[in-house]
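Please open the model in your viewer and keep the selection panel at hand.

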Protein chains: 2
Amino acid sequence: MTTRRDAVHDTLRKSEGFRSAQDVYAEMRLHGAKIGLTTVYRALQALADGGKVDVLRTDDGESVYRACATDTHHHHLVCRRCGRTAEVAGPAVERWAEMVGSEHGFTEITHTVEVFGTCASCSGPAKTR
Amino acid sequence: MTTRRDAVHDTLRKSEGFRSAQDVYAEMRLHGAKIGLTTVYRALQALADGGKVDVLRTDDGESVYRACATDTHHHHLVCRRCGRTAEVAGPAVERWAEMVGSEHGFTEITHTVEVFGTCASCSGPAKTR
DNA sequence: CGGATTTTGACAACCATTTTCATTTTGCCT
DNA sequence: AGGCAAAATGAAAATGGTTGTCAAAATCCG
């Protein structure tokens, strides 16, 4: 039984950037979907656990999700204005993290890397904030 | 009036890794300090805003703070077992972030980079979790 | 079809953080 | 000093995202 989960996944695919669970829920309801908030949370967690979507925390502690194109390891370049997100690879960063870790005797290195900025269409026309 | 704030800062300095606001509060009370939770939160925010301490979010959405040795830009290598933290610089990463950002037409680039691992003393003696 | 199992979702519970607001402390001016 | 206005403090209540509970509904399977 994966209908609901797929529905959530689809909704996420239609979005350009990261969306919160509440966002997804609201959007699905708008489109007439019959689904509960609880289920959205569970679906999102399941998708995240299965590596189907990426998760990150906003500055105010909200979890936001995104269905990414590639399932290989990558990072994000997020526009802090409109939320548009680009997936970027950074082999150099991966190596740097590994190196820094082992230099200090750490093992099982993992890392989180997110880059924020203002995208072209947001920085031009619109004024700062 | 900065007595309270300094007290909070001092408490943070005595810690090896990142501590949550509630942690700091509990610790201060243990040592007999007369301070309220609210004030701890406010002090922590003020310190963070002033760049006196670094902040990051744990996986479960809690904000954790740390008084860092240098006030120049740096990142952290955190032991996921004991919380011990090392401050690391990564000029290469800074440049990479800038480059990636401008390649996509983004401006005002910022980034978050945290490296996690298991430190030497934790990986040896103790078993995995 | 019938019972066992899983999924769902409304609602309550959680819990870190924030807000409110009355009280206390501090700063400053005379 | 005295006194008042502004800032700081903290107890308690409010907030809000997320998780837990549990009964009803859907799905499986023999």
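Begin in chain A of this predicted model by selecting strand S1 (residues 19-20) and strand S3 (residues 63-66), which run antiparallel and are joined by two bridges. Within this pair, Ser20(A) stands opposite Val64(A) of S3(A).

Read from the N terminus on, its elements follow the order α-β-α-α-β-β-β-β-α-β-α. The C-alpha trace of chain A spans about 55 × 45 × 25 Å along its principal axes.

**The DNA surface**

Select DNA strand D together with the protein residues near it. How many residues surround DNA strand D? There are 14, and the closest are Tyr41(A), Ser63(A), Arg4(B), Thr39(B) and Arg42(B). Of the atoms of DNA strand D that come within 4 Å of the protein, 62% belong to sugar and phosphate.

For Tyr41(A), an N or O atom of the side chain is 2.8 Å from a phosphate oxygen of DNA strand D. For Arg4(B), a polar side-chain atom lies 2.8 Å from a phosphate oxygen of DNA strand D. For Thr39(B), the distance from a side-chain N or O atom to a phosphate oxygen of DNA strand D is 2.6 Å. Colour the surface near DNA strand D by element next: helix H3 (37-49) of chain A and helix H3 (37-49) of chain B are the elements that give two or more residues to it. By residue class, this surface near DNA strand D comprises three nonpolar, seven polar and four charged residues.

**The interface of chains A and B**

Hide DNA strand D and select both protein chains. In contact across this interface are 37 residues of chain B and 37 residues of chain A. The size of an interface is often given as the accessible area lost when the parts come together. Between chain B and chain A, the buried area is about 2,900 Å², with carbon and sulfur atoms giving 62% of it.

The elements that give two or more residues to it are strand S4 (75-79), strand S5 (85-88), helix H4 (91-103), strand S6 (107-118) and helix H5 (120-123) of chain B. S6(B) gives the most, with 12 residues. The residues on this side of chain B divide into 17 nonpolar, 13 polar and seven charged.

Finish by selecting strand S6 (residues 107-118) of chain A along with S6(B). These strands run antiparallel, and nine bridges join them. To locate one position in this pairing, select Thr118(A), whose bridge partner in S6(B) is Thr107(B).

Terms used
Residues numbered from 1 in each chain as written. Chains lettered and ligands numbered in written order. Predicted model: local features only at pLDDT ≥ 70, side-chain atom pairs only at ≥ 80, totals over all residues. Heavy atoms only, no water. Near = heavy atom within 4 Å. Polar contact = N/O pair within 3.5 Å; in protein donor to acceptor, adjacent residues only side chain to side chain. Helix = DSSP H or I, 4+ residues; strand = E, 2+ residues; numbered from the N terminus. Nonpolar A, V, L, I, M, F, W, Y, C, P; charged D, E, K, R; others polar. Contact = heavy atoms within 4.5 Å. Buried area = accessible area lost by both parts, 1.4 Å probe. Pairing = 2+ DSSP bridges.
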